[in-house]
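Opening the notebook on a new model today.

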Amino acid sequence: MTPYATGGAARQSPYLVAKAIVPDYALDASSIAFRTSADIDIRYKNARSVPPEVTMPKLGLTAFLLAAFSISTAQAADTIGFKEAALPDVGGDRPLHVSIWYPTNDVAPIGEVGENRVFVGLPAIRDAKPVGDAHPLVVLSHGYWGSWRNLNWLAGELAHRGYVVAAPDHPGTTTFDKSPAQAARLWERPHDLGRVIDALTKDPGLAGTIIADRIAAIGHSLGGWTVVSLGGARFSSDQFDNDCKARPNPRTCGLGPGLGIEPGQHGRLEGDLRDARVAAIVSLDVGLARGFTPESLATFPVPALIIGAGVDIGDLPAKLESGYLAAHLPKATARYVEIPDAMHFSFMQLCKPGAVELIEQDSPGEGIVCKDGETRDRQAIHQQLVEMITAFLAQAIPAK
């Protein structure tokens, strides 16, 4: 297997174009190159500035200049701490690896977190001391066969704005654990996020004190399914099966058996997976959405921001997944945005120059993870996402 392979099943029926695979091209911690704070990559600083072409249509010139100044000033003053933790499972068979980003005032060497040969990393201080103030919490959920690194860029942006952010690697559906037995326990994914919330709220030593009534969840792809479940939607295996018969699509329907989705099943997957501590959710190009019952979506109890990718790369338009959620969620508390020039993998890390060619050399056909629409590059798309997500969170769970 090459360093960039996503596994034989993905190559045979590439869910690279299917809304629920997020392969991870990751190096372990021993490969991270540490630097001093004076050597932070200027490209990363530039990547965190707001591009006028994204913001100007929404703000007047004066407001835009004030917003850009306040954002850049806050970012220049903040430092990100990063640590990894292991959460044991009471049952003993589903331990969680969790990555945590948080504000810190430490002055120490800064390392590139999550960087490898193809993806840009994030400057952070490992195992830094958390600041004394209390902060809201955002939990992240990665896609199928992905990992915490996939939303590393977003975690950094949120931590710079005063949020504690935590992301588990979901056993069975992560790069680091592809156990079929674990993957078939799809209902455990929302529970994983609940366990992360438990750990962060009970142990201030991990990332500081958490404001208990300001917790949100953000997920990409299968992670989008996870946070929608966590927010209160109910899944029906029968509905999913009937929809697959009406709209056969191996890129989603083919995943059902491996994820434990079986018609006639009325077990844990169909149960209430809501965590009432979660006050808002953000879904990024969700997968498997059509299995959620319209009734549960109509009474969805928390605000939701649903974002879809406008460029269809797998015969499965966003309107059939993210659009399905938007059609049934309460209009008063849900917002749907489709980014016309974003592809499914635009929500992942920034790619280094030459990344597509490098991946194609090792794993032909998988370079798509570093491709975006024709109009803008991934950095600009990320800035639009940051603008929308932080504005939504500022209303739902404000940092200050």
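Predicted model: local features only at pLDDT ≥ 70, side-chain atom pairs only at ≥ 80, totals over all residues.

By nonpolar core I mean a set of buried Ala, Val, Leu, Ile, Met, Phe, Trp, Tyr and Cys residues joined through side-chain atoms within 4.5 Å.

Entry 1, cores. I looked up the largest nonpolar core and got 56 residues. Those with the most contacts inside it are Ile-100, Leu-137, Leu-200, Trp-225, Ile-281, Phe-292 and Leu-325. There is also a second, separate core of 39 residues, and I found Trp-148, Ala-216, Ile-218 and Val-282 among its members.

I skipped its neighbours within four places in sequence and listed what Trp-225 touches. The contacts are Leu-186, Pro-190, Phe-235, Leu-269, Leu-273, Val-286, Gly-287, Leu-288 and Phe-292.

How do α7 and α9 pack? I get an angle of about 70° between α7 (residues 188-202) and α9 (residues 222-231), with the axes 8 Å apart. Angles from 65 to 115 degrees count as roughly perpendicular, so that is what I call this pair. On the α7 side the contact uses Arg-189, Pro-190 and Leu-193. From α9 come Leu-222, Gly-223, Trp-225, Thr-226, Val-227, Ser-229 and Leu-230. Sorted by class, I have 6 nonpolar, 3 polar and 1 charged residues in this contact.

Is Glu-157 buried or exposed? With a relative accessible area of 4%, Glu-157 is buried, because buried means under 20%. Glu-157 belongs to helix α5, residues 152-160. I also checked Gln-383, 226 residues away from Glu-157 along the chain: their C-alpha atoms are 9.7 Å apart.

Conventions. Residues numbered from 1 in each chain as written. Heavy atoms only, no water. Buried < 20%, exposed > 50% of the residue type's maximum accessible area, 1.4 Å probe, protein only. Contact = heavy atoms within 4.5 Å. Helix = DSSP H or I, 4+ residues; strand = E, 2+ residues; numbered from the N terminus. Axes fitted to C-alpha atoms, helices over the stretch in contact; angles between N-to-C directions. Parallel < 35°, antiparallel > 145°, perpendicular 65-115°, else oblique. Nonpolar A, V, L, I, M, F, W, Y, C, P; charged D, E, K, R; others polar.
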